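This report describes a single protein model and its ligand. It takes up the ligand site, the nonpolar cores and some backbone features in turn.

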Amino acid sequence: MDTPLASTPADDGYRMPGEFEPHSGCWMAWPERPDNWRENARPAQEAFAAVAEAIHVSDPVTIAVSNAEHDRARALLSPGIRLVRLPSNDAWMRDIGPTFVTGANGGLRAVDWRFNAWGGDHDGLYDPWDLDDEVAAQIARIEGVERYRAPFVLEGGAIHVDGEGTVYTTEECLLSPGRNPKLSRASIEAGLKRYLGARKVLWIPRGVHLDETTGHVDNLIHVCAPGVVALTWTDDRTDPQHERSREAFECLSAARDARGRAIRIVRLPMPGPLTMTRAEAQGIETADNGMVREGGERLAGSYANFYIANTRVVFPLLDERNDATAAAILAGLFPDRQIVGVPGREILLGGGNIHCITQQVPA
Ligand code: KQY
């Protein structure tokens, strides 16, 4: 089982289901690196624990944790949340975990993408990233499922799917020089289709302004159902996000998905603009080959960065002026699920949000 399969999911009739399809569980990882999470990651650990508890009401949660942090995590979490001793360089399970694919016969398999910390030697966020790159294979082993090792760099946050043949991504991210500089757009598109069991790739130009992942699609949009997309939006034409969101809106309005449907686009307000305070920045340690944080820097906050659990949608509370509006829009998009807000600022300070720290296991 530790040797990757030589075929691809498309060869074997597997596909990545939409996140809105049923789950058997959800994986997360425990934050601890002090050069990304302020005050030795203690506030972030509380935020991650709150996300885990909110999801666990609906989807059984497993958290990967280092030996050093195991007991602390155990003390903070409900007994029903499973902890697995599995080290990583940081805690972005969407990006370091496997993307699960399912077969028509109900089989479950894992896709293990190559991971290079969002840009490798070109503009990666830290070095080394070797533990992160091992996580997907370890999770496949723990879940007892066979694994495909994709021959190119990709993170789970760089893609969204509708489960019916459509992949959504951004050019800014997947054509960035730090990921697959030797691959053409056509080969990346072919790789996405083969490893996600998809037929059509919709390329949105850019992601969220100043997103340090270089434009992850999961911070800009969320696929809520086949043919229905939530898009982060600001009406403020002077804000750099306006042009990015408008481009995405125009691109998706003109597109047809793999089934030939027009896409319904629902706008979610952009929180803020939000910035890191000087006190928050001072609580983050500086390290060689790590991230640099400064007070006043703008944060890439987005309500689109939520997790669709079986019975609820867990979204980040980011801005009192907009949280209730975001919740009301999500309630309209997900009438059969409870909408649950969890404080998201501490996660945002690390560079992402709830979608970035979770990875669903399809039922
Ligand atoms: O957004 C994500 N999927 C990951 C964010 C990584 C930030 C690292 N500091």
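The structure is a predicted model, in which local features need pLDDT of at least 70 and side-chain atom pairs count only at pLDDT 80 or more, while totals for chains, interfaces and linings use all residues. Residues are numbered from 1 along each chain as its sequence is written, and side-chain values use heavy atoms, with hydrogens and water left out.

**Ligand site**

Around the ligand there are 14 residues, of which Asp95, Glu212, Met291, Gly350 and Cys356 come nearest; a residue is counted here if one of its heavy atoms lies within 4 Å of the ligand. The shell consists of five nonpolar, six polar and three charged residues, with Gly counted among the polar ones.

| Residue | Distance from side-chain N or O atom to a ligand nitrogen atom |
|---|---|
| Asp95 | 2.7 Å |
| Glu212 | 2.7 Å |
| His216 | 3.3 Å |

Taken alone, the ligand exposes 300 Å², and the protein buries 100% of that area (Shrake-Rupley method, 1.4 Å probe).

**Nonpolar cores**

A nonpolar core is a set of buried Ala, Val, Leu, Ile, Met, Phe, Trp, Tyr and Cys residues joined through side-chain atoms within 4.5 Å; buried means under 20% relative accessible area, and exposed over 50% (1.4 Å probe, protein chains only). The largest core has 52 residues, and Met28, Ile63 and Leu77 have the most contacts inside it. Elements that each supply at least two of its residues include β2 (23-29), β3 (61-65) and α5 (130-143); helices (H or I, at least four residues) and strands (E, at least two) are DSSP runs numbered from the N terminus. The greatest contribution, eight residues, comes from α1. Beyond its neighbours within four places in sequence, Met28 is in contact (heavy atoms within 4.5 Å) with residues including Phe48, Val51, Ile63, Met93 and Ile357. Another core, of 41 residues, lies apart from this one and has Tyr168, Ala230, Ile263 and Ile308 among its members.

**Backbone features**

The peptide bond from Asp127 to Pro128 is cis, with omega near 10°, and Pro128 lies in the loop between α4 (120-123) and α5. Gly272 and Pro273 are likewise joined by a cis peptide bond, with omega near 15°; Pro273 is in the loop between β13 (264-269) and α9 (278-282).

Ala117 has a positive phi, near 60°, and counts as buried because its relative accessibility is 0%. Leu210 also has a positive phi, near 65°, but counts as exposed because its relative accessibility is 52%.

Key. Polar contact = N/O pair within 3.5 Å; in protein donor to acceptor, adjacent residues only side chain to side chain.
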